[in-house]
Amino acid sequence: MGNAMVMTQYIRLTPDMQSKQGALWNRVPCFLRDWELQVHFKIHGQGKKNLHGDGLAIWYTKDRMQPGPVFGNMDKFVGLGVFVDTYPNEEKQQEAQKRRYSPGVQRVFPYISVMVNNGSLSYDHERDGRPTELGGCTAIVRNLHYDTFLVIRYVKRHLTIMMDIDGKHEWRDCLEVPGVRLPRGYYFGTSSITGDLSDNHDVISLKLFELTVERTPEEEKLHRDVFMPSVDNMKLPEMTAPLQPLSGLALFLIVFFSLVFSVFAIVIGIILYNKWQEQSRKRFY
């Protein structure tokens, strides 16, 4: 999709060229309750330090193949987005304004972040998604000479992100978010976009595994299917339901009663006018 190219050993979402975007989506929705997605990827290019971008995203969303500004996918998506961001837009703006972050909030890029959206939130590129971020970690993944992996695990409404980016074949924790509610029947995908800065964004493999998890009767009641993504203890703005169009019967009734009311008003007006004329004649006699 887009500028993505199928190679013999990988799919290149974007080449190391400006203003390119590409994506890869599965065609069959996922109805697994507990799952794990392993992503084997590679980000590399000719750009020097802090002169490359923009990164890639892994998606589990209601809609597929919707190009847009968020790492090559649509904004205000419905579902889960995991972003491997290689360029610090906000930090560069702050430096230009001669400001400094406090050590407690400064982020080191490349950076992995997570966002859950019900379609009401917009990803803030200027701030690298900070306002809607559930959590994240630094991940030095660019121009490495060994394989880099990312795993997304969803078990009992716990979302866990781990990575293997040190060439040690060991998973390292990135973040864990409890209380994440994701509907079943969404699509997995990955996308990337380049702007003035660029990189090669390659996906070598995407492997999805079903996880067998035992649940108590109480957990079965608590872990019922949901129909809209959400996160416990995090208030997401509610979507405004679109107004439903009127049915033919409803439209007919509205028109009918409007006409009846109009006729009734005209009749009352004529009666009052006739009475007024009669009273006027009596005054002349």
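The accessible surface of the chain comes to about 16900 Å², with 57% of this area belonging to carbon and sulfur atoms; accessible areas come from the Shrake-Rupley method with a 1.4 Å probe, and for residues only the protein chains shown count as cover. The model is predicted, so that local features need pLDDT of at least 70 and side-chain atom pairs count only at pLDDT 80 or more, whereas totals for chains, interfaces and linings use all residues. Residues are numbered from 1 along each chain as its sequence is written, and side-chain values use heavy atoms, with hydrogens and water left out.

The secondary structure consists of 3 helices and 16 strands, where helices (H or I, at least four residues) and strands (E, at least two) are DSSP runs numbered from the N terminus. Of the 285 residues in the chain, 40% are buried, a term that stands for under 20% relative accessible area, with exposed meaning over 50% and partly exposed in between (1.4 Å probe, protein chains only). Among the contacts (heavy atoms within 4.5 Å) with a separation of 6 or more, 72% are between residues 24 or more positions apart.

A nonpolar patch on the surface is formed by Val263, Phe264, Val267, Ile268, Ile271 and Leu272, which together have about 550 Å² of accessible area. Such patches are made of residues with over 30% relative accessible area and no salt bridge, like charges being joined within 9 Å and nonpolar side chains (Val, Leu, Ile, Met, Phe, Trp, Tyr) within 5 Å; a salt bridge is a side-chain nitrogen of Lys or Arg within 4 Å of a carboxyl oxygen of Asp or Glu. Val263 is found in helix 3 (residues 248–284).

The count of disulfides (pairs of cysteine sulfur atoms within 2.5 Å) comes to 1, and this disulfide joins Cys137 to Cys174 with an S to S distance of 2.0 Å. The pair links distant parts of the chain, with Cys137 in strand 9 (residues 135–138) and Cys174 in strand 12 (residues 172–177), 37 residues apart. Because the torsion about the S-S bond of Cys137 and Cys174 is about -105 degrees, the disulfide is left-handed. Both Cys137 and Cys174 are buried, and Cys30 also counts as buried, at 5% relative accessibility.

Most residues other than glycine have a negative phi, and most peptide bonds are trans. A cis peptide bond, with omega about 5 degrees, joins Gly53 and Asp54, and Asp54 is found in the loop between strand 4 and strand 5. The peptide bond from Phe109 to Pro110 is likewise cis, with omega near 0 degrees, and Pro110 is placed in the loop between helix 1 (89–96) and strand 8. Lys76, although not a glycine, has a positive phi of about 50 degrees and lies in the loop between strand 6 (67–70) and strand 7. Arg157, also not a glycine, has a positive phi of about 65 degrees and is in the loop between strand 10 and strand 11. Lys76 counts as partly exposed because its relative accessibility is 45%, whereas Arg157, at 10%, counts as buried.
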